[in-house]
Amino acid sequence: MADIEIDSESGFCFGVVTAIRKAEEELSRGGLLYCLGDIVHNSDEVERLRAKGLITITHADLEGLHDVKVLLRAHGEPPETYRIAARNNIEIIDATCPVVLKLQQRIKADYDSAEESQIIIYGKKGHAEVNGLVGQTEGTAIVVEDASELSKIDFSRPVSFYSQTTKSLEGFGILTQEIKSRLSQDVSFKYSDTICRQVANRAGHLRSFAASKDVVLFVAGSKSSNGKILYNHCREVNPRTYLIANETEINPEWLNGARTIGICGATSTPRWLMEQVRDAITPHE
């Protein structure tokens, strides 16, 4: 019989835990509760909360709502969302992650005080958190995902460089050095490492966890960019790492000959889902 272990550090980050707790508290009081976008990038968890009454809406839907409660998820929102809510008499249940909120405030203060400076954000274009960050600059911030996109920057003008909270420390360091090397002499360059350590430190831990197992089942939703990154870290050290959304996607042949099986997941993966995966592969008498 194989030894099966769920990674103790996998699962929701504190920002997601807070958002889900706020949603459940509001739903327990009765009445309608809307959520602007998927509360977490995991369809199984979204469905669990939908069954409790949480209604997921888009930004277009928000425009037409009045006199209701709307939850803002951990990713954060641009100022325009708050303006629409005020105009439509919408009560905001704000679950923006404190780390994201602090970053939004820093970018806004920088934008308001330094007219000449270009604000550059290392992040994934279109990601909910990045949209909220760009919104602090009235849409003027430049988003870059890798060095090939640095040509968007005017290297003769001052630069302020920030990062989406869930990007890699290594990637941020590489881009920081590359921007430094391209800037004109005596041009101001400010950079702020705004990466969440609770997320960033998982990569090293998961590499150790995956390397210690014969087989790894990595549980993450298809929309989770964090999940794809962490899965790849696991697979680099253990080729017998398999990405699944839930227990229905397990191929029993993956487990052949395995004496140790590890189960882990993204910051958007609920603990209960990893436990279902464990239960699905645990022999029953």
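This is a predicted model: local features need pLDDT of at least 70, side-chain atom pairs count only at pLDDT 80 or more; totals for chains, interfaces and linings use all residues.
**View 1. An open sheet of four strands.** Follow the strands across the sheet and you meet them in the order β1-β12-β10-β11, with parallel pairing. At the edges sit β1 (3-6) and β11 (241-244), each of which pairs on one side only. Neighbouring strands here are turned against each other by 20 degrees on average, direction ignored.

**View 2. Where β1 meets β12.** Zoom in on one pair of strands: β1 and β12 (residues 260-265) run parallel and are joined by 4 bridges. Which residue of β12 stands opposite I4? Look for I261.

View 3. Helix α9 (residues 202-211) lies across β1, β10 (215-219) and β12, and its direction makes about 160 degrees with β12. Helix α10 (residues 225-237) also packs on the sheet, where it touches β10, β11 and β12. The direction of α10 makes about 160 degrees with that of β11.

**View 4. A cavity inside the model.** How many cavities of 30 Å³ or more does the structure hold? There is 1, and the space in the largest cavity is about 320 Å³. Its lining is made by 23 residues, and C13, V16, H75, T166 and T267 are the closest to the centre. The elements that give two or more residues to this lining are α1 (14-28), α5 (98-113), α8 (197-200) and α10. Helix α1 gives the most, with 3 residues. Sorted by class, the lining of the largest cavity has 10 nonpolar, 12 polar and 1 charged residues.

Key
Residues are numbered from 1 along each chain as its sequence is written. Side-chain values use heavy atoms; hydrogens and water are left out. Two strands pair if DSSP finds at least two bridges between them. Axes are lines fitted to C-alpha atoms, for helices over the stretch in contact, and angles run from 0 to 180 degrees between N-to-C directions. Contact means heavy atoms within 4.5 Å. On a 1 Å grid over the protein atoms alone, a cavity is a set of points where a 1.4 Å probe fits but cannot get out, and a pocket is an open set with protein on both sides within 12 Å along at least five of seven lines; lining residues have an atom within 4 Å of a point. Grid points are joined across faces, edges and corners, and a volume is the space filled by probe spheres set on the points. Ala, Val, Leu, Ile, Met, Phe, Trp, Tyr, Cys and Pro count as nonpolar, Asp, Glu, Lys and Arg as charged, and the others, Gly among them, as polar.
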